[in-house]
Amino acid sequence: MTNVSETEFLNRLLEVVYKLSNIVKTQSPRFKTKWDEYLKPFDENPHIVRQIPLDKNRFLNDIDYRINVLKTVEQATVDGFYSTKTLLKTLYSSYFNSELFKKDFSEEDQQILKYLIAKEILGNLIQYNKLDHESVPLKYNIIGRNYTLIKLQGLADFEILESLNKLNIKNIELIDVNNLMKEIEEDGIVNMEKKGEHNFFTLNKELTLTTEGKNLYSQLLQPLVDWPTLFFRSFYNIRELNVTIDKNATFHDYLQKILLKTATQGFSPTNYVFKNLVKYYEKIKEEAN
């Protein structure tokens, strides 16, 4: 890998910030528009990702301005997390209990949707799921996380417990897993059979909506449900910063340590990088004074 000078790095950083600014410019209004069309009665002010105003020349030449922009980016990374949390909490705590939901979807589709949406969001965003276990009831989370494996090969209760432990879900035991799986079986989603000491679960019913339910879902909910995955995969990807910094750069070791995190996509590494780039440029400013 070619060594990158301090100036070259700053130019790369500018391009990444510009990219993130553009993502927010299109994605934030899209989320808000779709929200207002359907979920506004449940929350008039969902958490929205803030805009990242950017003057390219000032970013390159004014360290105070640069620090402020990087702080805004760091705050926007947190916003993305809370926009997703707002969506899940609103769906599972309010919408699914509402007359609107019952009016728009048949009973059969209502039950499937609670599992399907967990699969579409939590199944795709494992990093997010490690940080948020509260927004979605655990039985839907279990299917969201394990649906594909249960469908393809079936899973034993202890394997489901292991998958929950990987999500940092504490204070859950095998008996809790089996109680939750019993509820899921009663919903008709899985079959349970005894294999030795353990219960083994296979898929009984695919998470497929009726034709009418599918059409309504694609109009009313799918744009919102797809949003977190699209946003996370584009916004929390800053691999362009995964470079080796020239040894002569100011605070070389400190910067290089920050940039190691850029090799991994996701909320936590991206948030870490911008939080620490703020500190990096604050150190440079302090040094200059």
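Tutor: The largest pocket holds about 170 Å³ of space. Keep in mind that this is a predicted model. Ten names make up the pocket's lining: Leu116, Glu120, Leu207, Thr208, Leu209, Lys214, Tyr217, Ser218, Gln222 and Asp226. The largest share comes from α10, with three residues. What classes of residue line the pocket? Four are nonpolar, three are polar and three are charged. In general, empty space is found by rolling a probe the size of a water molecule over the atoms.

Now the strands. Start with β4, residues 198–203, which pairs with β2, residues 155–156. That pairing is antiparallel and has two bridges. Within it, leucine 155 has phenylalanine 201 of β4 as its bridge partner.

Strand β4 also pairs with β3, residues 190–195. This pairing is antiparallel too, and runs over six bridges. Here asparagine 191 is bridged to threonine 202 of β4. Strands β3 and β4 form a hairpin, with two residues between them. Look at glycine 196 in the turn: its phi is positive, about 65°.

Conventions
Residues numbered from 1 in each chain as written. Predicted model: local features only at pLDDT ≥ 70, side-chain atom pairs only at ≥ 80, totals over all residues. Heavy atoms only, no water. Pairing = 2+ DSSP bridges. Helix = DSSP H or I, 4+ residues; strand = E, 2+ residues; numbered from the N terminus. 1 Å grid on protein atoms, 1.4 Å probe; cavity = no way out; pocket = protein on both sides within 12 Å on 5 of 7 lines; lining within 4 Å. Points joined across faces, edges and corners; volume = space filled by probe spheres on them. Nonpolar A, V, L, I, M, F, W, Y, C, P; charged D, E, K, R; others polar.
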